[in-house]
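Me: I'd like to learn how to read a model like this one, feature by feature. Can we walk through it together?

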Amino acid sequence: MCPKLPLLLVFFLYYAITSLGSDPDPVQDFCIPSTGIAACKNSSAATVEDFVFSGIKFQGKFSETGLATTSVNVNIFPGLNTLGMSFVRADFEVGGINMPHFHPRATEIAFVLEGKIYSGFVDTENRIFAKVIEKGEVMVFPKGLLHFQMNVGDMPATILGSFDSQNPGLVRIPNAVFGSGIEEKLLEKAFGLNSKEIAKLRKRFAPH
């Protein structure tokens, strides 16, 4: 066996993992998705409006948890296509929460625009990293790790979040567990709940 082969395999595996672990690098300046046959519309047809999104100026509709989010990803802002990034605005009522969730394809950095937010994440050893962050501070949430936020101030709060993927994905833990149709017997054993309690949670977190 060639003595250099193991080293070459290590480099190959490292390259493969890092390449597959993030959005691919663009091969052109930009790629505005086309509605025709071509994947991108002709660059000469692009205008400044393809690179501006105004839908984040105002807060969205609040949920029962006191959170309103406006996502700015490639699905609603085509100008982000192939650029490997996206954005979110999150508004919190007093006491509002962003329930435990994770983004499978992106690291997130959150900037507190207004208010005081109890913010944190949990690593793979179940260690929690959490504190109250205030206006002007930022916190980073590593890719794929569960994280959460709660407005602990006496006024509404706003966070701006940036992702290193054009489509970071979102998995809300309660919805994934109780709203996805996992076998009831498994949930009973995993959480020590009875069928009535599970039915109540399923009704609450079922897809609408």
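Me: Is Cys40 buried, exposed or partly exposed?

Reply: First, keep in mind that this is a predicted model. For burial you compare the relative accessible area with cut-offs: under 20% is buried, over 50% is exposed, and partly exposed sits in between. Cys40 comes out at 22%, so it counts as partly exposed. Cys31, on the other hand, is at 5% and therefore counts as buried.

Me: How many disulfides does the structure hold, and how do I read the geometry of one?

Reply: Look for a pair of cysteine sulfur atoms within 2.5 Å. The structure holds 1 disulfide. Its partners are Cys31 and Cys40, with sulfur atoms 1.8 Å apart. Then check the torsion: the angle about the S-S bond is -90°, and the link of Cys31 and Cys40 is left-handed.

Me: Next, the annotations. Which residues does UniProt list under "binding site"?

Reply: An annotation like this may be inferred rather than shown by experiment. The unreviewed UniProt entry lists His101, His103, Glu108 and His147 as "binding site". A handy check is whether listed positions come together in the fold. These spread over 47 residues of sequence, yet they cluster in space, with a largest C-alpha distance of 11.9 Å.

Me: What joins the side chains of His103 and Glu108?

Reply: A polar contact of 3.2 Å. Setting aside residues up to four places away in sequence, His103 also touches Lys143, Gly144 and His147, among others. With its own neighbours within four places left aside, Glu108 has contacts that include Val88, Met139, Phe141 and His147.

Me: How many residues does the largest nonpolar core have?

Reply: The general idea is that in soluble globular proteins, nonpolar side chains tend to be buried together. Here the largest nonpolar core has 13 residues, and those with the most contacts inside it include Phe92, Ile117, Phe121 and Met139. Strand S2 (86-92), S4, strand S5 (116-122), strand S7 (138-141) and strand S9 (157-163) are the elements that give two or more residues to this core. Apart from it lies another core, of 6 residues, among them Val177, Phe178, Leu187 and Phe205.

Me: Which residues is Phe92 in contact with?

Reply: Beyond four places in sequence, the contacts of Phe92 include Phe62, Leu67, Ile97, Asn98, Ile117 and Ile159. Asn98 is found in strand S3 and counts as buried because its relative accessibility is 12%. Asn98 in turn touches Leu67, Phe92, Phe148 and Gln149, again beyond four places in sequence.

Me: Last one: how far apart are Gly136 and Glu114 in sequence and in space?

Reply: Gly136 and Glu114 are 22 residues apart in sequence and 7.8 Å apart in space, C-alpha to C-alpha. Gly136 is found in the loop between strand S6 (128-134) and S7. Not counting residues up to four places away in sequence, Gly136 touches Phe111 and Val112.

Definitions and conventions:
Residues numbered from 1 in each chain as written. Predicted model: local features only at pLDDT ≥ 70, side-chain atom pairs only at ≥ 80, totals over all residues. Heavy atoms only, no water. Contact = heavy atoms within 4.5 Å. Polar contact = N/O pair within 3.5 Å; in protein donor to acceptor, adjacent residues only side chain to side chain. Core = buried A, V, L, I, M, F, W, Y, C linked by side-chain atoms within 4.5 Å. Buried < 20%, exposed > 50% of the residue type's maximum accessible area, 1.4 Å probe, protein only. Helix = DSSP H or I, 4+ residues; strand = E, 2+ residues; numbered from the N terminus.
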